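Here is the note on the model that you asked me to look over. The points are numbered so that each can be checked against the coordinates.

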Amino acid sequence: MKFDSSKSVWYERYKPQTVDDVILPQEIKSKIKGFLEKDMPCLGFWSSEPGLGKSSLANAIIKDLDCDALWVNASMERSIDDLRSKIQRFASQCSFNGNYKVVVLDEFDNTSKDYQFSFRSFLDTYSQNCRFILTGNYKEKIIEPLLDRLVNF
């Protein structure tokens, strides 16, 4: 069966496909585009307002990088076992095309402090070939040692 985009949900049909498509302050957009051209760091997108485009921006970055990606809904998959099995398996393997691999942990602010401390070591271990993008509504729920390892917006 062929996908008919004319019957898709409006927001899925018209969501941004590239960083250029995302409505952002020019300063932030320029900074992110610079990361895409050089060496992308691990990123944190935080805003107490839902629906501002944190996940859409992460998706646009992945499309612009043309890379392998793993999406994790961290509010649902927040056990240490999820971290060890799903994320570690993906992050520990190199990409076939030589590009970065990206793990997006959506709603990361819903994870426990234990999860965040464990994740901190994953970030340190796998950031050579894998980049991490964390999104959430409450930056203040994230431990400081983890925030220090991200470029936060």
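1. Strand β1 (residues 43-46) pairs with β5 in the parallel sense, over two bridges; strands (E, at least two residues) and helices (H or I, at least four) are DSSP runs numbered from the N terminus, and two strands count as paired if DSSP finds at least two bridges between them. Within this pairing, L43 stands opposite V151 of β5. This is a predicted model, in which local features need pLDDT of at least 70 and side-chain atom pairs count only at pLDDT 80 or more, while totals for chains, interfaces and linings use all residues. Residues are numbered from 1 along each chain as its sequence is written, and side-chain values use heavy atoms, with hydrogens and water left out.

2. β1 also pairs with β4, again in the parallel sense, over four bridges, and here G44 stands opposite L134. The open sheet is formed by five strands in the order β2-β3-β4-β1-β5, with parallel pairing. Its edge strands are β2 (68-73) and β5 (151-152), each of which pairs on one side only.

3. β1 is covered on both faces, since L43 and F45 on one side and G44 and W46 on the other are all buried (under 20% relative accessible area, with exposed meaning over 50% and partly exposed in between, for a 1.4 Å probe and protein chains only).

4. The 14 residues of helix α5 should span 20 Å at 1.5 Å a residue, and its end C-alpha atoms are 20 Å apart, which agrees; the expected span is 1.5 Å times one less than the number of residues. Its buried residues are Y115, Q116, F119, F122, L123 and Y126. Seen down the helix axis, these fall within an arc of 110°, so they line one face of α5; the arc is that of the directions from the axis to the C-beta atoms. D114 and T125, on the other side, are exposed.

5. The buried residues of α5 pack against α4 (80-91), β3 (101-106), β4 and α6 (144-147), where contact means heavy atoms within 4.5 Å.

6. Five aromatic pairs are found in the whole structure (ring centres of Phe, Tyr and Trp, its six-membered ring, within 6.5 Å; planes under 30 degrees apart are stacked, over 60 edge-to-face, the rest tilted). The rings of F119 and F132 have centres 5.2 Å apart and planes at 90°, so this pair is edge-to-face. F119 lies in α5 (residues 113-126) and F132 in β4 (residues 130-136), so the pair ties together parts 13 residues apart in sequence.
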